Every structure is written in structure tokens, then in C-alpha cells.
Amino acid sequence: MSGTYLGMPDFPRAAAAATRDTRLRANLTHATHTIRDKRAKAVAELDDWAQLRAAGAAVKDRTLRHLDHYLEQLEAAVVAAGGQVHWAVDADEANRIVTRLVRETGEREVVKVKSMATQEIGLNEALAEAGIRAYETDLAELIVQLGDDLPSHLLVPAIHRNRSEIRDIFRREMGSWGRPAPEGLSDSPAELAEAARLHLREKFLSAKVGISGANFMVAETGTLVVVESEGNGRMCLTLPETLISVVGIEKVVPRWQDLEVFLQLLPRSSTAERMNPYTSTWTGTTDGDGPRTFHLVLLDNGRTDTLADTVGRQALRCIRCSACLNVCPVYERAGGHAYGSPYPGPIGAILTPQLRGIEGALEASLPYASSLCGACYEVCPVAIDIPEVLLHLRERVVEGGPVTRRGARTVLQPAKGHAAERAAMRAAAWAFDHPGVLRAGARLAARTRRLHPRRLPGPGRAWSATRELPAVPAESFRDWWQRTRGTSSERQGGAK
């Protein structure tokens, strides 16, 4: 697996290859079932979980409705605390800003905290092109980086790897990135963790520049928050002389008090913990304590376009807990790489097409990467109705229509390959509007049921290639009702 998402096939083709990988499926099944079972127990401890969930959704919705106000308040607070704020309209601008800031320090190496935003913009690759080497310090991200791989899960990026694979990666690759793996390294979790700790310690102590994201930004104080479980984030946020944080604009919350809600929702939904082992907060710079220079890069990259969609904007509530991935039957079987994005699983199926647009084959296929079972909505700690957004985006793919791109309204043309689907839906709508036609069609289908093919011909072949056509009953429900329970007038005239 090459470390890039460029040229990824659309989801059906990528998933078809992934589902044939028996080791991948075994790794995913074990990991996702373990995480979701622990999460269920952690959530069950709180009697007011439903109220917390509603509060989290309400805070996020209010923030998004007044996002311009809170971002300006955040900028003023960060600057007043000694930080510098930069605005990036897209990935290219964000990468140029960060590259320039690192070059101005004279350094050629940086240490990084796990960050979805920097993965989204391809920051590591942009820095490498500028001759700057970025070292991932999260254990799972380190595994992915050393293996020249791609993350496949929001919370556990190396979830597709088992212990023996990780051992082999450490033995083979650690030496080319710094301190080599110890001789005779086994696949014991304790030994693997110790090898990573020794390898990373040298980076922490020598790095002059740290790069992070943030889980939350508090508008009223200019405070940024990172939660994690390993302590590597704390090292990256405090030891370097310069700290650069790249954060999506939707991560802002109005007040410090709002963290009370999210610091209960996030740990239980992600790592099944009552609280995160490390919750780091910082506000600008302080003489003699932590980095001397702090830069905040506020990233748009399609977020304001998403905000313009009254149905799709709820995806911006996401706090990146990964609970939806761990209950999704599609993700469990296909894995994260099939989604062709740093955001896999159900949330990725609605977020990626909105951030990137649905003009590409991959993005247009993602809203269909779901069984619509609704499990993702049930576990989402901020009540994102993912099935609703999936259906909304499917309609956009098939029908086209007005959308916002880079702040301007435009009309999206229907995706190619859906003409037959549109014709079938129009025919179905017409039949439902004419009860007599619907009744005659149901009776004809029942009487010819022995002649029905098991696979659809023509454009329907793709649908029935992985599904069994439902058997048509000998009698429709309408006819059964009339025969068994209908009134005499209904038996004579038929149901209206």
C-alpha cells in the first residue's frame, strides 16, 4: 500500500479487493468488536447519556449557525494570548503556510501529534517535497508511517495490522528513521511499545518544531485542546520551541464550559474510557513554559461549502470518536482503505463527498457504501443522522442540482451511469400515483413469478450481482387483505 490516496478506485472496486483479504477481515472483526463492546459498557454507566448527546448536538449546531462570529472571537483571543493566526482556504494554502513557517525556523525535522486535518491536506507529503521530514509520534501513526502505509481508522490508524506484522515493520524500518528496533524484538505488546518509546524519545528531545491538530478550540479564551492516551501529544505540545496547529474551522466551541459536555462524550465513545489519560490545553504562549512561538492555521478546505447544505452540514458536528466505524457492517468487511480518504467508515461516506465534491467516481460512490442499517446514528455521540445524509447525497449524485463550491452557487449535473435508475424511479412514482396500474402490475408479477430470472439483465446486473432477487409471493398483500378481511364493497370494487 503506497502512502497516498491519489488514484484510488471507486468504493465498489476497492471493497471487492479488500473483502478477499482474509487476514484483514480477521484483524478488523476482532478489533471493532472489542472496541464497540467496551464502549457500550462505558456509555451504559451514565444515566444521562441521552441528555449529554442532545447537549453536544445542540452546542455544535448553535456554533455552526454562528460560525463566523466564533471564529473571529477565537482569532482575537489567540492573538491577545501571544499566538499568530493564519487562514487557509484549501489544502494547498494550508501546506504552503506550514511549510513557510517551518522554513523560517531553519529546521528540517518536525514531530507531529496525531491529526486528521494534516492527513486530509497531505501535509507530510508537502513537507517532504520541501525537504522537511515529519515524524509521527502516535504509536499507530508511527506503524503506518514506517510501513509506508495509509491509516484505515480514525482512532486506531493501524487497525488493519496485527502484532506480527507490526514486529516485522519495526525490525525492517526503524533503523532508517532513527534508533533501530532492539535485537530479537518479539510481537509482545509490551516489547513493541518499549521499542517505539525508545525510538521516539530521541525525536522528542531533539525536535525544535511540533505540529498538531486539536480536538476543540474555545472561542472565548483562545484555548486549544488535544486529548490522547499515550502522552506523545503532551511531549510534542510542550517540548518544541515552535508549535504549529492545523485545525478545521468546525472544531471551535463557544465557551470553556462547553468542554464539560464533550470531554464526557468523546472518551467514552472513542476509547471507552471515563476520561482521557492526557487532556492538554494551551492558550497562546507563556514565557518560560512551553513553546515560545505558536501558530494556529484555521483550515476551511470545503467546510464552508458543507455548511451551506442544510442537510449535510450536520456532518460538521463530528468529534472524530470513530464509534460509527466500529458498528458498521460495511466497514468491518471492507476496511478503511477502500474509502480512499483519511475519513473512512460511515462518517467518511458523508464527509468526504462534501469536502471534495461528488464529481469524481470515488466520491460519487461513497454515499452508497452503506446498508442504511442506522447503527451509526444510534452510537453517534453528537446525533449525526448519517443515514439521512447518505440518502441526501445519493439524491444529489443521481439528480444533480444546486450546490456550493468554493463559496459560489453552481448547478451540479447528474452523475453518469444513473439514467436507468432515474427512469425506473420515475416509472415507479407514476405507478404509485395510479392504484389501478399498481394493482394490475402486482397481480401480473404474481402470476408470472415462475418465469422471473434470478439475476436482473442490463443495467440491473450490477445490483443483482451481489444480491438475491426477492421471491414474488403468489398473492399480493392487497389481494390477501381483500380476500380475508376486506368489506363486501372492497371485495367487489377493490381497495382504493
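Predicted model: local features only at pLDDT ≥ 70, side-chain atom pairs only at ≥ 80, totals over all residues.
Figure 1. Look for Leu-372 in the loop between helix 17 and helix 18. The backbone is worth a glance here: phi of Leu-372 is positive, about 60°, although the residue is not a glycine. As background, most residues other than glycine have a negative phi.

**Figure 2. Arg-320, a buried residue with positive phi.** Here is another non-glycine residue with a positive phi, as the phi of Arg-320 is near 60°. Arg-320 sits in the loop that runs between helix 13 and helix 14. With a relative accessibility of 12%, Arg-320 falls under the 20% limit and therefore counts as buried.

**Figure 3. The largest cavity and its lining.** Searching the whole structure turns up 2 cavities of 30 Å³ or more. By residue class, the lining of the largest cavity holds 12 nonpolar residues, 1 polar and 1 charged.

**Figure 4. The second largest cavity.** This cavity has a volume of about 80 Å³. It is lined by 15 residues, with Cys-328, Pro-346, Ser-370, Cys-373 and Cys-376 closest to the centre. Helix 14 (323-327), helix 16 (345-356) and helix 18 (375-379) are the elements that each give two or more residues to this lining. The lining of the second largest cavity divides into 12 nonpolar residues, 3 polar and no charged.

**Figure 5. The largest pocket.** If you are browsing for open space, this view shows the largest pocket, with a volume of about 1,800 Å³. There are 38 lining residues, and Tyr-368, Glu-421, Ala-462, Trp-463 and Arg-467 are the closest to the centre of the pocket. Two or more lining residues come from each of helix 1 (11-18), helix 17 (361-365), helix 19 (386-399), helix 20 (419-432) and helix 22 (461-464). Helix 19 supplies the largest share of the lining, 6 residues. In terms of residue class, the lining of the largest pocket comprises 24 nonpolar, 7 polar and 7 charged residues.

**Figure 6. Phe-11 and the nonpolar cores.** The largest nonpolar core has 103 residues, and the members that touch the most others are Phe-11, Phe-170, Leu-296 and Ile-350. Setting aside residues up to four places away in sequence, Phe-11 touches Val-330, Ala-334, Ala-338, Tyr-339, Leu-362, Ser-365, Leu-366 and Ala-369. There is also a second, separate core of 21 residues, which includes Ala-94, Leu-123, Val-209 and Val-246.

**Figure 7. Asn-301, a buried loop residue with a polar contact.** Asn-301 belongs to the loop between strand 10 (293-299) and helix 13 (303-307). Its relative accessible area is 17%, so Asn-301 counts as buried. A polar atom of the Asn-301 side chain lies 3.1 Å from the backbone nitrogen of Ala-91. Beyond its neighbours within four places in sequence, Asn-301 is in contact with Ala-88, Val-89, Asp-90, Ala-91, Glu-120, Ile-121 and Leu-355.

**Figure 8. Asn-95, a buried residue in a helix.** Asn-95 is part of helix 5, which spans residues 91-105. The relative accessibility of Asn-95 is 8%, so this residue counts as buried. Its contacts, apart from neighbours within four places in sequence, are with Ile-121, Gly-122, Leu-123 and Ala-126. Leu-123, for its part, belongs to the second core.

**Figure 9. Gly-178, a partly exposed loop residue.** Gly-178 is located in the loop between helix 9 (163-177) and helix 10 (189-206). A relative accessibility of 27% places Gly-178 in the partly exposed class. With neighbours within four places in sequence left aside, Gly-178 is in contact with His-199 and Lys-203. For a handy distance to check, the C-alpha atoms of Gly-178 and Leu-200 are separated by 8.5 Å, while the two residues are 22 residues apart along the chain.

Conventions
Residues numbered from 1 in each chain as written. Heavy atoms only, no water. 1 Å grid on protein atoms, 1.4 Å probe; cavity = no way out; pocket = protein on both sides within 12 Å on 5 of 7 lines; lining within 4 Å. Points joined across faces, edges and corners; volume = space filled by probe spheres on them. Nonpolar A, V, L, I, M, F, W, Y, C, P; charged D, E, K, R; others polar. Helix = DSSP H or I, 4+ residues; strand = E, 2+ residues; numbered from the N terminus. Buried < 20%, exposed > 50% of the residue type's maximum accessible area, 1.4 Å probe, protein only. Polar contact = N/O pair within 3.5 Å; in protein donor to acceptor, adjacent residues only side chain to side chain. Contact = heavy atoms within 4.5 Å. Core = buried A, V, L, I, M, F, W, Y, C linked by side-chain atoms within 4.5 Å.
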